[in-house]
Structure formats: C-alpha cells, structure tokens
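Dear colleague,

I am passing on the structure below, and would be glad if you could look through it alongside the notes that follow.

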Amino acid sequence: MCYNKKGDYMKNLFEYTLEELAGKFERLGYKHFNARQVYSWIYKKRMWDFDSMSDLSKPLRTYLRDHFTLEMPRVKRRQVSQDGTIKFLLELADGHVVETVLMDHPYGKSLCVTVQIGCSLGCAFCASGLKQKVRDLSSGELIGQILAVEETEKLRISHLVLMGTGEPFDNYDAVMRFIRTVNCPQGLEIGARKITVSTSGLVPGIERFKDENLQVNLAVSLHAADDATRSRLMPINDVYPIRTLIDATQRYIEKTNRRVTFEYLLIDSINDSMQDADRLAKLLRGVNCYVNLIPYNPVDELPFRSVDEARHRAFYDRLIRGGLRVTSRREKGGDIDAACGQLRIKEARD
Ligand code: SF4
C-alpha cells in the first residue's frame, strides 16, 4: 500500500473505469475529458509517469502524482512451452502470486486471466482447487495481468479468456468492471466478442450476466452429462444440478441471442465412455451451443489421467453423430505445468 506525504492512501488508477475517473475529476473542478486524456496516456501510450503527461494542466499532473499509483504485478517466474505458450507467475502488491497464461494462436495473442487467489469450488480435477480461496482480485489487479504481460513481452493481447484460477461469477463486480475497462475504446479496446468468461456453473451469475447487455462469450464447464459424475468432479453440481444449469443457460441464450460453449474435459474412465457421449448429445440437443472437448492435463497431486487420441476422436465422432456442434481444443503448454494452478503450487513447494 502506498501513502503520500500527508499520509493519504494512494489508489491504483487501474481500478477506475473511465466514467468513475471522469466523475472524480469533475467533482474536483477538472474537466470530464481529462479522464479520456489520462486513459489515453496509460492505456494507449503506456506512459507511467504522470509528470510527462504533457497535455494535462500542471495542477492535474501534481494531483495525480500525489494521489494515485500505477500499480502492476511483478513477473516472478516465466515458463516458455515448446508450442510458444508462456506461463507467468505474477506477484501482487500484497505478496500473493497468481498465474496468467499467454497463448499464441493464428488469430492473435490470447491471455488466460486469473480472477481469485485460490478457489473454493474444489473441482476434483483442478490444481487451483487444491488451494482454498484467499481473496478476490480487484479489477485493477485483473488489468495489471494484461499490462504486465504486454510490457514484458512487448506485444498486445487481442483475446481474453477468464479461465485461470477462480470462478469469475464469484467475483462478479470486479469482473464486470474489468470487462468494461478493457472493452472501452479509450482503454485497452479489446472487442467484447474476443472476451470469454468461463463459469463452473454458478447459476445466479449466469442469470445476472444475461442482463448485462454485453457481447462477451460465455463458456460453461460441464464435464459430465449426469449428476452423479458431475457432482463427483464438481461439488457445485450439488447446489446447481445439471437441469438447473442447462435451464439457466437456455434463458441466457434466449435473452442474449448468443451461442454458448460447453467445456468438456475428457478424463480417462470417468466421463469418456460412449454412453457418456450419448447422454451429452441428448442433454444438449436443441441448445444453441458448441461443445468444446478438452484433453485433460494431468496434475501430479491428483489421480486423474488423460485419454488417448483414439478415445478422444471416438468421443468427438459420437457427439457429431449425435447432432452436436463440437470443437476439439488441443491443450496448450502441456510441457510447462500448464494446468491451471500448477505453477502456483510448485512455487509454494519450492
Ligand atoms: S476448475 Fe475453476 S472453479 Fe473449479 S476449482 Fe478450478 S479454478 Fe475453481
């Protein structure tokens, strides 16, 4: 935490949406458009020194210098995979560490952002779920992950996936502030359709999200088509079972007119039988969705195994024959502790 000479707490400017900053400036007698100028300096020109923001008045520059910080996480570790995926361990101002993964795709650079320190949802297959939630990240800390990676790698992120550690709808307000800031034309200007929010199935979050009027993509982690298997993998299913989840997702689709992706992690002898595929096809028939089949990335501490190529292919074909639209994502960075939470666990062990 930073304090100025008078002992006042200095706030991280990345926490402010454009409208909030403009409102603050106006209350202090500055102009509304000054907020746009400041946004342009930090998000477009990447100027981190208030005194060098040459089109601002001297009093405003002094005010900014005395009352705000531009706080970014520090890159503590960086692991590069053979496929170009880079995993970062970032240290926040209070010493906590989070993981952020940069993926190189033909269509651009995608960043997988972490939304909480640890996660309390306890999915059985997940390395992050091995550590209980410590706290939510603020919107400024979410933005800091993008800026820290962009500054380190000297590039611009084109796509965002909120699929790192934590459940986005369990940190709802910060995530919405974050989306509005990165989507803002004066901010990082990442198109809403290039942002994907992934939920483990927190139904009240889906209900809220459908009314946000955002063109952001929604992904729902399903991972099983029957309640017994899903509850075994994801305890959240005991609270919001599959039927409740699918019904909420249908309401989201009807309200937003947007197609949803259901994520399905294929795990050996758990959810990979042809009966599982048939159940899934039956469950999602008529729902405007894609199923994204993901190979499981094994975690040392957990008993689950990935399926082989032939099994993956057979499951995929069965879903196609069942009438579903299916994509098959190759897991990126398999050689670098790429499963969410692995690097953070390793750091704690070292
Ligand atoms: S998969 Fe996501 S929601 Fe489940 S424990 Fe891991 S981080 Fe939490």
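Leu162 belongs to strand β10, which covers residues 159-162 (strands are DSSP runs of E of at least two residues, numbered from the N terminus). Please keep in mind that this is a predicted model, in which local features need pLDDT of at least 70 and side-chain atom pairs count only at pLDDT 80 or more, while totals for chains, interfaces and linings use all residues. Residues are numbered from 1 along each chain as its sequence is written.

Leu162 counts as buried because 25 other C-beta atoms lie within 10 Å, where the cut-off for buried is 20 or more, with exposed meaning 12 or fewer, partly exposed lying in between, and C-beta atoms being placed from the backbone. Leaving aside residues up to four places away in sequence, Leu162 touches Val113, Val115, Pro168, Val175, Thr196, Val197 and Ser198 (contact means C-beta atoms, placed from the backbone, within 7 Å). Leu218, 56 residues from Leu162 in sequence, is 9.8 Å from it in space, C-alpha to C-alpha.

The largest nonpolar core has 92 residues, and Tyr264, Leu266 and Val291 have the most contacts inside it; such a core is a set of buried Ala, Val, Leu, Ile, Met, Phe, Trp, Tyr and Cys residues joined through C-beta atoms within 7 Å. This core draws at least three residues from each of domain 1 (2-69) and domain 2 (74-349), the bounds coming from an automatic or database domain assignment. Again not counting residues up to four places away in sequence, the residues that Leu266 touches include Leu293, Ile294, Val307 and Phe315.

Best wishes

How values were computed: Helix = DSSP H or I, 4+ residues; strand = E, 2+ residues; numbered from the N terminus. Contact = placed C-beta atoms within 7 Å.
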